[in-house]
Amino acid sequence: MDVISNISPHLSREPNGVTCVDLHPSAPLMTVSGGMDTNGIVYDHQARKEFCTLRGHSRQINAAKFHPDPSRQVLLTAGADNLVKIWTMRSAESKYVESATIGRSHEEVAFRGGVTGLSIHPLGDYMAFSSAAGSWSFADLSHGCVLETVRLGMKPSAYTSICFHPDGHLSGAR
């Protein structure tokens, strides 16, 4: 395996500034990474330059994901600030812009303790988030709203990740 790039565009006093990485579904030399510096970075490894910076979280980003359908031109970030952000490509500007934030309203209290993971359902219309508060939520990607939150037990343990099975019938949180 050849090393194409070893750039770490995240600023941090921590030894490891990058907290998560995802590959673009149709352009594998394009990545999105989240960092301790509160930013998401979309990086073009072929051009060896930053494509755009996703600013808007107030604490570290714990998960970042491109939508599996590249025609949708959407990516998601989830952070320790209890927020999930939906970013959409704005072609005229050639950058991703924030199109919705989940976790700000009083109905969306599931993320206390920070959002720790996210997964996009195989249909592409839904997503799920895990939280350090011991809950996970199922949400509508198109409308940017939580449909259901599940919290197990009186003193639930923190979840660190969540994932849908490729057939979409199962999901698991850990």
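Q: How many cavities of 30 Å³ or more does the structure hold?
A: One. This is a predicted model, where local features need pLDDT of at least 70, side-chain atom pairs count only at pLDDT 80 or more, and totals for chains, interfaces and linings use all residues. Residues are numbered from 1 along each chain as its sequence is written, and side-chain values use heavy atoms, with hydrogens and water left out.

Q: What counts as a cavity or a pocket?
A: Work on a 1 Å grid over the protein atoms alone. A cavity is a set of points where a 1.4 Å probe fits but cannot get out; a pocket is an open set with protein on both sides within 12 Å along at least five of seven lines. Lining residues have an atom within 4 Å of a point. Volume is the space filled by probe spheres set on the points, with grid points joined across faces, edges and corners.

Q: How much space lies in the largest cavity, and which residues line it?
A: About 30 Å³. The lining is His24, Pro25, Phe66, His67, Asp69, Pro70, Gln73, Val74 and Tyr96. They divide into five nonpolar, three polar and one charged. Nonpolar is Ala, Val, Leu, Ile, Met, Phe, Trp, Tyr, Cys and Pro; charged is Asp, Glu, Lys and Arg; the others, Gly among them, are polar.

Q: And what volume has the second largest pocket?
A: About 180 Å³. It has 16 lining residues, and the closest to its centre are Lys65, Phe66, Pro68, Ser119 and Ile120. Strands E1 (18-23), E5, E9 (115-120) and E13 (162-164) each give two or more residues to the lining. Strands here are DSSP runs (E, at least two residues), numbered from the N terminus.

Q: How many bridges join E5 and E6?
A: Five, with E6 covering residues 74-79. In E6, Thr77 is the bridge partner of Ala64.

Q: Now loops. What is the phi of Arg48?
A: Positive, about 60°, although Arg48 is not a glycine. Most residues other than glycine have a negative phi. Arg48 lies in the loop between E3 (40-44) and E4 (49-54).

Q: Is Arg48 buried or exposed?
A: Exposed, at 56% relative accessible area. The cut-offs are under 20% for buried, over 50% for exposed and partly exposed in between, with a 1.4 Å probe and protein chains only.

Definitions and conventions: Pairing = 2+ DSSP bridges. Helix = DSSP H or I, 4+ residues; strand = E, 2+ residues; numbered from the N terminus.
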